[in-house]
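Hi,

Here's the structure I promised to pass on. Have a look at it first, and then read my notes below.

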Amino acid sequence: MYDLKNLFGDKWVPAIMVALRDGPLRRVEILSTVNSYSIDENWSDKHAVLHDSILARTLKKMREQGIILRESHTETFPPEVTYSLNPEVVEVLTLAEPLIAWTEKHPELLAQAQAHSRQNNGDAGDLGDVTELDGAGDAVPSVDHRPDRADGPAG
């Protein structure tokens, strides 16, 4: 699960994958398609907008990871560049369909998680200062040992 999260867990990667599921698109087409989606709408009060600079970085990262393919069509001037999904990623999207069906079957669980997320302003770490368990499995409060930003970057 963590491997999948690390591979596909970037905010924009799933949306770009869905945009490309029906075939190759140019960057401007990906941008308009993704921005037509309601991303994070139920999880946050903020409307997510994909900007071209973020799309360019994300496409580059996805290409380097092998998730997408970039093709330059030199028969036109200027050359047209399209992006498409790696065949293995198309397979992953097909395998994800039962998971999507599961989310549709359990809307109450999603609604509860979404309400919690909105209540905490999208803060993923609302566990207070609990960072470890004692031998009995009970949560033990701990002191935050992270340096302040003024102390320089944390290692």
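The lining of the largest pocket has 20 nonpolar, six polar and eight charged residues. Here Ala, Val, Leu, Ile, Met, Phe, Trp, Tyr, Cys and Pro count as nonpolar, Asp, Glu, Lys and Arg as charged, and the others, Gly among them, as polar. The volume of this pocket is about 1,700 Å³. Of its 34 lining residues, Phe-8, Pro-14, Ala-96, Ile-100 and Thr-103 are the closest to the centre. Two or more lining residues come from each of α1 (2-8), α2 (13-20), α5 (87-105) and α6 (107-119), and α5 gives the largest share, twelve residues.

Some terms: on a 1 Å grid over the protein atoms alone, a pocket is an open set of points where a 1.4 Å probe fits, with protein on both sides within 12 Å along at least five of seven lines, and lining residues have an atom within 4 Å of a point. Points are joined across faces, edges and corners, and the volume is the space filled by probe spheres set on them. Helices (H or I, at least four residues) and strands (E, at least two) are DSSP runs, numbered from the N terminus.

Before you go on, bear in mind that this is a predicted model, where local features need pLDDT of at least 70 and side-chain atom pairs count only at pLDDT 80 or more, while totals for chains, interfaces and linings use all residues. Residues are numbered from 1 along each chain as its sequence is written, and side-chain values use heavy atoms, with hydrogens and water left out.

Now the helix packing. How do α2 and α3 (residues 27-35) cross? Their axes come within 9 Å, at roughly 110° (axes are lines fitted to C-alpha atoms, for helices over the stretch in contact, and angles run from 0 to 180 degrees between N-to-C directions). α2 and α3 are therefore roughly perpendicular to each other (65 to 115 degrees). Ala-15, Ile-16, Ala-19 and Leu-20 of α2 make the contact with Ile-30, Thr-33 and Val-34 of α3, where contact means heavy atoms within 4.5 Å. Six of these contact residues are nonpolar, one is polar and none is charged.

α2 also packs against α4 (residues 52-65), at about 80° with the axes 11 Å apart, so these two are roughly perpendicular as well. Here Val-13, Ile-16 and Met-17 of α2 meet Leu-55, Thr-58, Leu-59 and Met-62 of α4.

The axes of α5 and α6 come within 5 Å and cross at roughly 80°, which makes α5 roughly perpendicular to α6. Their contact involves residues including Trp-102 of α5 and Pro-107 of α6, and has four nonpolar, one polar and three charged residues.

One last thing to look up: the peptide bond from Phe-77 to Pro-78 is cis, with omega near -5°. Pro-78 sits in the loop between β1 (68-73) and β2 (80-85).

Cheers

Terms used
Angles under 35 degrees count as roughly parallel, over 145 as roughly antiparallel, 65 to 115 as roughly perpendicular and the rest as oblique.
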